[in-house]
Amino acid sequence: MELVKIAKTNLRKNLKNKLSQMTATEIAEQSKIITNKILSHPVYSRSNRVSIYLSMDSEVQTNSIVENIFHSGKICFIPKYNKYEMLMVKIKSLDELNSLPKTSWNISQPADDDVHEDALTTGGLDLIIVPGLGFTMDGKRLGRGKGYYDRCITEYKKKYPFNNLKTIGLAFSEQICDDIPMSQQDSLIDFLVCP
């Protein structure tokens with residue numbers, strides 16, 4: 001178990017270094033290719049309740065996907081983090097999204113006292129679009145080490161076993177790994193979209 005932890009820490013450091021060397025142009029170009037792939041992905045097309053992360057500068061940019069969720073009449077949920085958990089909360093419009101305060105990570109999310117519909121208590125999700133530092137082609141994922149997405153995915157699948165929840169990871173070419181060390185609580189993702 002300790003060896004897995006050390007291996008993950010080293011891999012995270014390596015991947016963060018690779019990501020820090022990407023130019024804004026490379027990020028924009030790869031994000032555009034990935035966006036086009038996800039918008040035509042059959043799982044995305046048939047999903048109605050979609051959770052999507054709001055991207056940081058070093059992640060696959062999700063702005064255009066978020067816009068498409070609203071324009072295509074899907075229901076949009078975004079992560080709302082606190083120290084202990086991550087909720088997937090409903091956002092009603094792009095205007096509402098643009099008016100949200102920023103966290104210390106410079107990510108928009110509702111304020112703590114701002115109550116939004118929580119997908120876990122109102123019918124679950126069809127699709128979670130997942131960020132990460134690294135991915136393998138067979139569904140292994142390396143997050144930032146807090147376990148938010150692993151716990152969240154497990155919780156949704158347990159509460160809504162018949163929803164057929166799917167997960168799609170978005171990755172730059174630089175984030176594809178030959179292998180990722182896994183521990184028992186790590187969730188595999190169903191699909192990976194990369195350039």
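A residue is termed buried when its relative accessible area is under 20%, exposed when that value is over 50%, and partly exposed in between (1.4 Å probe, protein chains only). By this criterion strand 7 (residues 166-170) is mostly covered, with 5 of its 5 residues buried. The model is predicted: local features need pLDDT of at least 70, side-chain atom pairs count only at pLDDT 80 or more, and totals for chains, interfaces and linings use all residues. Residues are numbered from 1 along each chain as its sequence is written, and side-chain values use heavy atoms, with hydrogens and water left out. Helices (H or I, at least four residues) and strands (E, at least two) are DSSP runs, numbered from the N terminus.

- Two strands are taken to pair if DSSP finds at least two bridges between them.
- Strand 4 (127-130) runs parallel to strand 7 and is joined to it by 4 bridges. Within this pairing, Val130 has Gly169 of strand 7 as its bridge partner.
- Strand 8 (residues 191-193) also pairs with strand 7 in the parallel sense, over 3 bridges. Here Ile168 stands opposite Phe191 of strand 8.

**Helix 4**

- In helix 4 (residues 63-71), the buried residues are Ile65, Val66, Ile69 and Phe70. They lie on the same side of helix 4, because they cover an arc of only 140° around the axis. The arc is that of the directions from the helix axis to the C-beta atoms.

**Salt bridges**

- A salt bridge is counted when a side-chain nitrogen of Lys or Arg is within 4 Å of a carboxyl oxygen of Asp or Glu. The count by this rule comes to 5 salt bridges.
- Glu59 lies in the loop between strand 1 (49-52) and helix 4, and Arg144 in the loop between strand 6 (141-142) and helix 6 (148-159), so the pair ties together parts that are 85 residues apart in sequence. Glu59 is buried, with a relative accessible area of 8%, while Arg144 is partly exposed at 32% relative accessibility.
- Lys90 and Glu117 meet through their side chains in a salt bridge (3.8 Å, N to O). This pair links distant parts of the chain, with Lys90 in strand 3 (residues 86-91) and Glu117 in the loop between helix 5 and strand 4, 27 residues apart. Both are partly exposed: Lys90 has 24% relative accessibility, and Glu117 has a relative accessible area of 29%.
- Arg49, Lys90 and Glu117 are linked in a network of salt bridges.
- Lys140 forms a salt bridge with Asp179, the closest N and O atoms being 2.6 Å apart. Asp179 lies in the loop between strand 7 and strand 8 and Lys140 in the loop between strand 5 (134-135) and strand 6, so this pair ties together parts that are 39 residues apart in sequence. Asp179 is partly exposed, with a relative accessible area of 47%.

**Asp118, a buried acidic residue**

- Asp118 is placed in the loop between helix 5 (94-98) and strand 4.
- Although buried, Asp118 has no salt bridge; Lys159, the nearest side chain of opposite charge, is 7.6 Å away. For charge, Lys and Arg count as positive and Asp and Glu as negative, while His and the chain ends are not counted.
- The Asp118 side chain reaches the backbone nitrogen of Leu120 at 3.1 Å.
- Contact means heavy atoms within 4.5 Å. Leaving aside its neighbours within four places in sequence, Asp118 is in contact with Leu87, Met88 and Tyr156.

**Exposed lysines**

- Lys102 lies in the loop between helix 5 and strand 4 and is exposed, with a relative accessible area of 53%.
- Apart from neighbours within four places in sequence, Lys102 is in contact with Ile107 and Ser108. Its side chain makes a polar contact with the side chain of Ser108 (3.5 Å).
- A polar contact is a pair of N or O atoms within 3.5 Å; within protein, one must be able to donate a hydrogen and the other to accept it, and residues adjacent in sequence count only if both atoms are side-chain atoms.
- Lys13, found in helix 1 (residues 2-20), is exposed at 59% relative accessibility.
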